[in-house]
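Trainee: I would like to go through the labels in this model and test each one against its definition.
Mentor: Good. Ask, and we will set values against cut-offs.

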Amino acid sequence: MELPGIVLAVWMFVCLCASVVGYPNGKVREACTNMIPCHGGSPQLSPEHSITVNGTEFKPGDSIEVHLSGPDFEGFFIQARDAEHLDSPAVGSFVLADRRHSQLLTCGRTKNSAVSHTSKAKKKDIKVYWIAPGDAPKNVQFLATVVKKYRIFWVKIPGPIVSQPDVLSPTPSLHATSEAMSTSHPVSYISKPFSASGCGITKFCIRNPTNCDPGSASCFFLSFQQEESSVFIEMSSPSEGYLALAFSHDQWMGGDDAYLCVNEDHRVHVSTAHLKERSHPLLDSENALEDVSWRLADGVLQCSFRRSIHLPAYTGRFNLDTSYYIFLADGEASEGGPIHKHGRQPLVTDGLYNVTGLPQDIGGSRAPRLIKAHGALMFVAWITTVSIGVIVARFFKPVWSHSFLLGKELWFQVHRMLMLTTVMLTSISFVLPFVYRGGWSHQAGFHPYLGCGVMALTIFQPLMAGFRPSHHAPRRQLFNWFHWSTGTTARILAVVTMFLGMDLPALNLPDPWDTYAMIGFVAWHVGTDVLLEIHSYCLIRKVEVIEDDRVQILQSLTSAEAEGHLFKQIVLTIYICGNIVFLVAFLIAINQV
């Protein structure tokens, strides 16, 4: 889902990059030095926009009109600097001509020493006024960074030089732009899909599904091959938006070393980034990657690059001779804009791995083990133990009423054992997501709220059963009604909760199979219940015809239903086998995500 503009603006504002970020609200005062947007990629070489002024000379206190114009652009950043030392701090201050599209910023100790945009609305020209300070250098040059769209921008576009009287103006310099390009590397096109040959022999590979072909439209593939002091990395996935790799010290997003391959206008941009908690990646203005290549064909995005094992000069880059959890995420990307949050859980290795160590060919999982255990235990509890326990209590009282186990009727002991097992499994499963999340999850919709309701009813049911009246007590009918209604409500809520939980990103069972399987289980249970109800009704009608004097005691379903106990036992056996089939199918699906 695409983030609203205000949320994106807030996120960008808190990213304290060391360079100018293309923030939609233009508030970039924390980074006024190199004027390079943190969009990744490299700036364009030939500017499309120009800066003009209404004069070439100034004296302290003079006002000079500065005009930035050109094709539509979204963002800009204007400063004046010493023309002979363009890396020096901003000089002078500005006054706005249009507060709707421009705003003043303070860079360093000089108030109002820069101008930027107020929003990402498209504009063709900007006019401001520069006020010369009392300690101005002899020659001042105006510089501008212009962002046409997210990946298309120009850095430090050189403008006119204005000078104090009787001073020779130097030639405008493109030093800043060429400096910004010095860290870029050539990009080539990959002619054919990657190959898995060498996985586990000469290179470290991660594949999902296991042993899949990286050229197929369903394979997520990562490979790492050490070559002396560097590692060559290949990334591939069935995505036409973006593909992201991250090295992490744990299985949570945050504080990670990331690498992004983003499809923009049918060209793939490869860049480095840093992940800060559960937010958008902070793209680096300097790229430490070499031998960058990409391919986009048949719905598969592939990119490759090389990086040194150690990069001490680059902040946020991890050493690759250490063990990490490895993430692989994919998702959509806006045309010319930022990437969107991945729609499903990233593929994560199940342990720490050193990609420069012993070559391996491993898989990954999109569901954490605790979440898998949570889903598995809930399926066991609410597909098998509860369902069988309800059938036994509802239809097997007359069949097993004369059989005893530990001093109690057999049907009651079986029912109680299954229900207590359900309470135990549900309680354990209920705790696991809180352990995994470290608290409440605000991203799981109604699932956790309904889950709490199921847990409350699950605990309340056996507590209420502990205070049940005797068979002939006046309140026994009231207890029976409450006991039945509480249990039925819990089962309905549990099924709804499982429906919602199957499609959450943390588990995300395969669609639409999971929905059809759950509908099949509900139909299977309801069908079995209806079949046994019809069978019981037929027995009752049979006895009513033969022995009218026994009608008063038929509601207890004693001897009449005992005549059909063989049929019920066959139905119960088939029902249990069917439940096991559904359970095994769900457990296999959970194990494969």
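Trainee: What share of the 593 residues in the protein chain is buried?
Mentor: Buried residues make up 49% of them. Buried means under 20% relative accessible area, exposed means over 50%, and partly exposed lies in between (1.4 Å probe, protein chains only). This is a predicted model: local features need pLDDT of at least 70, side-chain atom pairs count only at pLDDT 80 or more, and totals for chains, interfaces and linings use all residues. Residues are numbered from 1 along each chain as its sequence is written, and side-chain values use heavy atoms, with hydrogens and water left out.

Trainee: Why is cysteine 219 called buried?
Mentor: Its relative accessible area is 0%. The cut-off is under 20%, so cysteine 219 is buried.

Trainee: Why does cysteine 212 get that label too?
Mentor: Cysteine 212 has 10%. That is also under 20%, so the label is buried.

Trainee: What makes cysteine 538 and cysteine 577 partly exposed?
Mentor: Cysteine 538 is at 46% relative accessibility, and cysteine 577 is at 45%. Both values fall between 20% and 50%, so both count as partly exposed.

Trainee: How many disulfides does a search of the whole structure find?
Mentor: Three. A disulfide here is a pair of cysteine sulfur atoms within 2.5 Å.

Trainee: How do you know that cysteine 199 and cysteine 205 form one?
Mentor: Their sulfur atoms are 2.1 Å apart. The limit is 2.5 Å, so the pair qualifies. The torsion about the S-S bond is -80°, and the link is left-handed. Both cysteine 199 and cysteine 205 are buried.

Trainee: Why is the disulfide of cysteine 212 and cysteine 219 right-handed?
Mentor: The torsion about its S-S bond is about 55°, so it is right-handed. The S to S distance is 1.9 Å.

Trainee: Which cysteine does cysteine 261 join?
Mentor: Cysteine 303, at 1.8 Å from S to S. That is within 2.5 Å, so the pair is a disulfide. The link is right-handed, with 70° about the S-S bond. It connects distant parts of the chain: cysteine 261 lies in strand 15 (residues 256–264) and cysteine 303 in strand 19 (residues 300–308), 42 residues apart. Both are buried.

Trainee: How many helices and strands does the protein chain have?
Mentor: Nine helices and 24 strands. Helices (H or I, at least four residues) and strands (E, at least two) are DSSP runs, numbered from the N terminus.

Trainee: In what order do the six strands of the open sheet run?
Mentor: The order is 17-16-15-14-20-21, with antiparallel pairing. Strand 17 (282–283) and strand 21 (347–348) are the edges, since each pairs on one side only.

Trainee: How do you know that strand 20 pairs with strand 21?
Mentor: Two bridges join strand 20 (residues 325–331) to strand 21. Pairing requires that DSSP finds at least two bridges, so these strands pair. Leucine 328 stands opposite leucine 347 in strand 21.

Trainee: Why is leucine 493 called partly exposed?
Mentor: Its relative accessible area is 23%. That is between 20% and 50%, so the label holds. Leucine 493 is found in helix 6 (residues 476–501).

Trainee: Which residues does leucine 493 touch, leaving out those up to four places away in sequence?
Mentor: Leu450, Gly453, Val454 and Leu457. Contact means heavy atoms within 4.5 Å.
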